[in-house]
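Please examine the sequence and the structure before turning to the answers.

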Amino acid sequence: MAFASKVGTELDFHNVRGAFRAVLKKAGLNPQQWTPREMRHSFVSLLTDSGMPIEASHT
């Protein structure tokens, strides 16, 4: 097992989603408006806006 939950069980979608939503709440963001996929796209947009070629963000 590569990644484990806080109690040592294998991570699944529900574990990751719950942890992600907790971080969003602490950051003052609405968990209903953000998904990990949207965060990835936002990150890639920021990279390209700062001059990184889009191809470099896919590695």
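The questions below proceed from the whole chain to single residues.

This is a predicted model, in which local features need pLDDT of at least 70 and side-chain atom pairs count only at pLDDT 80 or more, while totals for chains, interfaces and linings use all residues. Residues are numbered from 1 along each chain as its sequence is written, and side-chain values use heavy atoms, with hydrogens and water left out.

Q: How many helices and how many strands does the secondary structure of the chain comprise?
A: Helices (H or I, at least four residues) and strands (E, at least two) are DSSP runs, numbered from the N terminus. Counted in this way, the chain has two helices and zero strands.

Q: Is the chain compact or spread out, judged by its radius of gyration?
A: The radius of gyration is taken over C-alpha atoms, and the globule rule is 2.2 Å times the number of residues to the power 0.38. For 59 residues the rule gives 10 Å, and the value of the chain, 15 Å, is well over that. The chain is therefore more spread out than a compact globule.

Q: What percentage of the residues in the chain is buried?
A: Buried means under 20% relative accessible area, exposed over 50%, and partly exposed in between (1.4 Å probe, protein chains only). Of the 59 residues in the chain, the buried share is 12%.

Q: What distance does helix α2 reach from its first C-alpha to its last?
A: Helix α2 covers residues 36-49, which is 14 residues. The expected span of a helix is 1.5 Å times one less than its number of residues. For α2 the expected value is 20 Å, and the helix comes close to it, with a reach of 20 Å.

Q: Which residue with a positive phi follows α2?
A: The phi of this residue is near 110°. The residue is Gly51.

Q: Is Ser5 buried or exposed, and which residues does Ser5 contact beyond its neighbours within four places in sequence?
A: Ser5 lies in the segment before α1, a helix of residues 13-26. Because its relative accessible area is 14%, Ser5 is buried. Contact means heavy atoms within 4.5 Å. Leaving aside neighbours within four places in sequence, Ser5 is in contact with Leu11 and Asn15.

Q: Which residues does Leu11 contact, leaving aside its neighbours within four places in sequence?
A: Leu11 also lies in the segment before α1. Its relative accessibility is 33%, so Leu11 counts as partly exposed. With those neighbours left aside, the contacts of Leu11 are Phe3, Ala4, Ser5 and Val16.

Q: Is Gly28 buried or exposed?
A: Gly28 is placed in the loop between α1 and α2. Because its relative accessible area is 63%, Gly28 is exposed.

Q: Which residues does Pro31 contact, leaving aside its neighbours within four places in sequence?
A: Pro31 has its place in the loop between α1 and α2. At 12% relative accessibility, Pro31 counts as buried. Apart from those neighbours, Pro31 is in contact with Arg21, Leu24 and Lys25.

Q: How far apart in space are Trp34 and Leu24, C-alpha to C-alpha?
A: Trp34 is found in the loop between α1 and α2, and its relative accessible area of 28% makes it partly exposed. Not counting residues up to four places away in sequence, Trp34 touches Phe20, Leu24, Leu29, Met39 and Ser42. Trp34 and Leu24 are ten residues apart in sequence, and their C-alpha atoms are separated by 8.1 Å.
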